[in-house]
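Q: Hi! Could you walk me through this structure, starting with how the parts touch one another?

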Number of protein chains: 2
Amino acid sequence: MPELKSRQVSQLPPLQAIRVFEAVARHLSFTKAAGELGMTQAAASYQIKLLEERVGAPLFLRRPRQIVLTEAGQRMAPAVSEAFALLGGAYAAARSGADGVLCVSTLLTFASNWLARHLGSFQVAHPSLAVRLDTSNRVVDFTREDIDIAIRSGGGNWPGVEVHKLFNADFTPMLSPKLAASIGGVKEPADLLRLPILDPGDIWWRDWFIAAGLPVEELAKRPGSSMGAQAYEANAAIAGQGVAIVTAALFNAELADGRLIQPFDLVGDDGHAYWLVYPQARRNVPKIRAFREWILAEIAGQ
Amino acid sequence: MPELKSRQVSQLPPLQAIRVFEAVARHLSFTKAAGELGMTQAAASYQIKLLEERVGAPLFLRRPRQIVLTEAGQRMAPAVSEAFALLGGAYAAARSGADGVLCVSTLLTFASNWLARHLGSFQVAHPSLAVRLDTSNRVVDFTREDIDIAIRSGGGNWPGVEVHKLFNADFTPMLSPKLAASIGGVKEPADLLRLPILDPGDIWWRDWFIAAGLPVEELAKRPGSSMGAQAYEANAAIAGQGVAIVTAALFNAELADGRLIQPFDLVGDDGHAYWLVYPQARRNVPKIRAFREWILAEIAGQ
DNA sequence: TTCAGGCATAAGCCCTCCTTATGGGCCGTG
DNA sequence: CACGGCCCATAAGGAGGGCTTATGCCTGAA
């Protein structure tokens, strides 16, 4: 498409030359402008000559100790400076503006039970960073959605992304102290069989029952409804509606204040974990680095 | 000066990438944008990737059949488009604006006696071209003054410039018919000795006297004052104050309407001529070509 | 299921643009 | 008046940015 090309070329000036022109017009000196641009005087001279040929008129008059703008140069200079100011502003805004909002895609339960309690310290440490949470169970594709960083649960082997393990997604039964008291306390795994089980179809229950030496057939008999997120199950458990099987690490607060109790030390582990995930290519982006360092320190100090 | 360079680089985006970004943001398509810019889709992809790395954030989200701007991209796009519009406008204005004014450096006498009478037809032929006359006897340096084209008198061998001979700068005595009548008419060269001679120190008088067989010592005796331009001498001659030696071609009008007479066919010629002169590099600039073609035709048809 | 449209990626090459080196013009100074 | 310094122009040479071609992948439509 040569005609398109030539059309375009004639519409827009050679940009590198224009950049040099802008600097030269400001300094009224090839040498100084070249210095500012980090190149040699010869390069500036070359670019200006190029531009003058394209424009079809001299842009500077070469006087003994200095140069001055020609009429054509004077017409161009202000608009060019303004355009570069715009460009520079937009670029800077995109750079820092992009740094100003951190989009975190996170699992619902992690958001409500962990992030909600810890995010405050991140905000304090990085007051200029606004965090936008995007809660969903989808595995986000960084190339397709406007997400900076994600919390995922799984095996940890995803291609093209950098991962950091936060904690294991082990699981154990939990219930409210009131419910436990209603049968005189839960002392051994078999006691659970006398209580309602929340989401008995969950594979975790099966795994844990096997590990605890309980008959898995019990589970199949029970009416089940999955609520889709640990947080919901846990709320039901707190309300005394049954026993939930959840990741202990996410319910430290509930355990601490007695809303939930963990009757057994036995935890199941299917090899899954919670991971911090982000595109490898962006590992050095300031806001991503900041979040990574913060969350890893927070997890470690917990 | 590495620190200056890095400073600059971080202030301004890579311009070629920005140009591509602008087109892609308009089309929301790498392929179409590449087409507009006269390059391949791969090149556009490359540039966008480059820019995204510089900005530190994705600018487009890659969706199956199309792409969309990210938040960062949306922030950048309008300002970038505006900046390019400015740049394009300034560039176009400089290109055509430079074509709108033609600066002619000319000798005083040529301006008042030739250009003044002919320039009208050029204006009619090129109504969009404004002519600015710069009258002086200096030999202008095109690299030092804002001049497009010049009329010079001389030998015609100047380096770096394109020259076209307009007419020979031959010279011959002229006087007013009244002054001639005051001595009963000027029939032979020697009659001139009975009249005042304007600027007798002029080398032209000497040359012409020799050619006419008159004693040059006569000239030395006379009180002289040079007025610095043929036009002034001619005006003095028209006023009947004496005989002037001038270039006949410049006074066709005065000869035609009888304000001056040329008593002898004998003309002196020192090899000088009137030349049209302009920088070689600009020979194809439209306004220069237009003026060249017009003046050569005008001279030829005279 | 296959096809077509669109983007990503790899390899390779060309040409732009920059550097170094040098020269010229003009000014200020001793 | 000559010399040195400042600044720009120009030539030659080299490095790397950026383009092209070729290919693969993904997805939505037929």
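Predicted model: local features only at pLDDT ≥ 70, side-chain atom pairs only at ≥ 80, totals over all residues.

Q: Good to know. Which domains does the assignment give for chain A?

A: Domain 1 covers 2–69, domain 2 is made of 101–165 + 272–301, and domain 3 covers 172–256.

Q: How many Å separate the centres of domain 2 and domain 3 of chain A?

A: Over C-alpha atoms, the centres of domain 2 of chain A and domain 3 of chain A are 29 Å apart. Their contact takes nine residues from domain 2 of chain A and ten residues from domain 3 of chain A.

Q: And how much area do domain 2 and domain 3 of chain A bury between them?

A: About 710 Å², with 57% of it on carbon and sulfur atoms.

Q: What about salt bridges across that domain interface? How many does the rule find?

A: Between domain 2 of chain A and domain 3 of chain A, the rule finds one salt bridge. Arg117(A) pairs with Glu254(A) in a salt bridge, and their closest N and O atoms are 3.9 Å apart. Helix H6 (residues 108–125) of chain A provides the largest share of the side of domain 2 that touches domain 3, namely seven residues. By class, that side of domain 2 divides into four nonpolar, four polar and one charged.

Q: Nice. Switching to the two chains: how much do chain B and chain A bury between them?

A: About 4,900 Å², and 64% of that is on carbon and sulfur atoms. Leu15(B), Leu87(B) and Tyr91(B) supply 14% of the area that chain B buries against chain A, more than any other three residues.

Q: How many residues does each chain put into the contact?

A: Chain B gives 54 residues and chain A gives 55 residues.

Q: And which polar pairings turn up, in numbers?

A: Across the interface of chain B and chain A there are zero salt bridges by the rule, and five residue pairs in polar contact, both residues being at pLDDT 80 or more. On the side of chain B that touches chain A, H5(B) gives the most, with 19 residues. That side of chain B has 28 nonpolar, eleven polar and 15 charged residues.

Q: Last topic: is Ala181(A) buried or exposed?

A: Ala181(A) counts as exposed because its relative accessible area is 54%, and the cut-off for exposed is over 50%. Ala181(A) lies in helix H7 (residues 177–182) of chain A.

Q: How far apart are Ala181(A) and Asp202(A)?

A: Ala181(A) and Asp202(A) are 21 residues apart in sequence and 25 Å apart in space, C-alpha to C-alpha.

Notes:
Residues numbered from 1 in each chain as written. Chains lettered and ligands numbered in written order. Heavy atoms only, no water. Helix = DSSP H or I, 4+ residues; strand = E, 2+ residues; numbered from the N terminus. Buried < 20%, exposed > 50% of the residue type's maximum accessible area, 1.4 Å probe, protein only. Domains from an automatic or database assignment. Contact = heavy atoms within 4.5 Å. Buried area = accessible area lost by both parts, 1.4 Å probe. Salt bridge = Lys/Arg side-chain N within 4 Å of Asp/Glu carboxyl O. Nonpolar A, V, L, I, M, F, W, Y, C, P; charged D, E, K, R; others polar. Polar contact = N/O pair within 3.5 Å; in protein donor to acceptor, adjacent residues only side chain to side chain.
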